[in-house]
Amino acid sequence: MKLKLTMLCVLLLNCTITARWASLFHKKITPQEAMVAQRKNCYFFCQERVPLFTQLLFSWNAIRPQKGYFEFYVQAHNAHTKRWGSWHRMMEWGKNLQSSNATPSDGFTKYEHVRLETERQQFADAFRIKVVGMKGASLVDLKALSATTANMRQFQAEGIANIAQLPSIYIPRVPKISQAAIAHKDKKRICSPASCTMLTRYLTGLDIDPIAFANFSYDKGLNAYGSWPFNMAYAFELCKGKYWFFNTRMNSFSELHQQLIRGIPVVVSVRGMLPGASQSYPHGHLLLVVGWDSKTKRVICHDPAMAKQYDTERHYRLKDFMKAWEQSRRLVYVASHVT
């Protein structure tokens, strides 16, 4: 059964969220489906008649295999030729293996560690995701898959006039973390695990270790701690299946605002200059949004790049925040109640 819902609704069943330039598809895997997948040692998630897209982001929620590992593949359908492109092996994930891949172009699509891209002037209108259990990995442990399709050529900056009318919202008692204070050899590179640690500490009430989060989300293939799907996979593990986690692109600030109204902070990616931040981020940076102040027109964030923990709460001007967020094409990490 498929339901057409507003963006970032509570995801109860298979649901499709179709919007102006980005669409989120979430597939909850039932125990019966997981048992069938285990017998076949393969699971497919397919979506046809998708709005034209040039990029696909993927993430999953599962119990990490203690034996073997999962392999994840993606394939897209050419809207012009009406043919399926090549299968791309996206990544491997297990107890002792965690690595993404960059695959060569087949003339239509290529895969770059965290996203599938179409070649210039080409569009896809359907996708297939394939999960395979390797070396004894059990697909019974697979719980949900998410894919976001986006037509990057349709992206437009959002005007701030309507945003300014949104009511204030603030989520109190969200933990604060300065990545500079973390005793990790790559502490300058762990903004994603630090932000996710703040989020999962808030959701669980547990003293989650940011060093462990960094190590369990490290992507060997990309040589980075900010690999979007690996961060989402480990967040799901920490929350023991009580929340879905996925990376996606939002169509507007109002979608972020709605998530705050639901009482769940949002990890966002920013890029470039952000006045009031500790530095410029030409290669991107992740921080946690916890509120919006309509009176001062500022977005309230916990920014792990600040040198001191007490200084991590930052109130960024709306126009500055939007410019930096839109440089990252409104990329976010989202948590949603499993209910």
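Q: Which residue forms a salt bridge with Glu-237?
A: In this predicted model, the partner of Glu-237 is Arg-64, and their closest N and O atoms lie 2.9 Å apart.

Q: Where in the chain do Glu-237 and Arg-64 sit?
A: Glu-237 belongs to helix α4 (residues 228-238), while Arg-64 lies in the loop between β5 (55-62) and β6 (69-78). The two are 173 residues apart, and the pair links distant parts of the chain.

Q: And Arg-64, is that buried or exposed?
A: Arg-64 counts as buried because its relative accessibility is 6%, which is under the 20% cut-off. Glu-237, at 23%, is partly exposed.

Q: What about Lys-27, which residue does it form a salt bridge with?
A: Lys-27 pairs with Glu-33, with 2.9 Å between the closest N and O atoms. Lys-27 is buried, at 9% relative accessibility, whereas Glu-33 is partly exposed, at 27%.

Q: How many salt bridges does a search of the whole structure find?
A: The search finds 13 salt bridges. One of them joins Arg-330 to Glu-326, where the closest N and O atoms are 3.0 Å apart. Arg-330 and Glu-326 are both buried.

Q: Which residues do salt bridges with shared partners join into one network?
A: That network consists of Glu-71, Arg-89 and Glu-92.

Q: Changing topic: how many residues are in the largest nonpolar core?
A: The largest nonpolar core has 66 residues. Those touching the most other members are Phe-245, Phe-253, Leu-256, Val-268, Val-289, Phe-321 and Trp-325.

Q: Which strand gives the largest share of this core?
A: Strand β17 (residues 281-293) does, with seven residues.

Q: Which domains does this core draw at least three residues from?
A: At least three come from each of domain 1 (22-150) and domain 2 (161-337).

Q: Back to Phe-321: what does it touch?
A: Leaving aside residues up to four places away in sequence, Phe-321 touches Phe-253, Leu-256, Val-268, Leu-274, Val-289, Val-299, Cys-301 and Tyr-316. Among these, Phe-253, Leu-256, Val-268 and Val-289 are also listed with Phe-321 as touching the most other core members.

Q: How many residues are in the second, separate core?
A: This second core has 33 residues, including Val-74, Leu-116, Ala-124 and Ala-147.

Methods:
Residues numbered from 1 in each chain as written. Predicted model: local features only at pLDDT ≥ 70, side-chain atom pairs only at ≥ 80, totals over all residues. Heavy atoms only, no water. Salt bridge = Lys/Arg side-chain N within 4 Å of Asp/Glu carboxyl O. Buried < 20%, exposed > 50% of the residue type's maximum accessible area, 1.4 Å probe, protein only. Helix = DSSP H or I, 4+ residues; strand = E, 2+ residues; numbered from the N terminus. Core = buried A, V, L, I, M, F, W, Y, C linked by side-chain atoms within 4.5 Å. Domains from an automatic or database assignment. Contact = heavy atoms within 4.5 Å.
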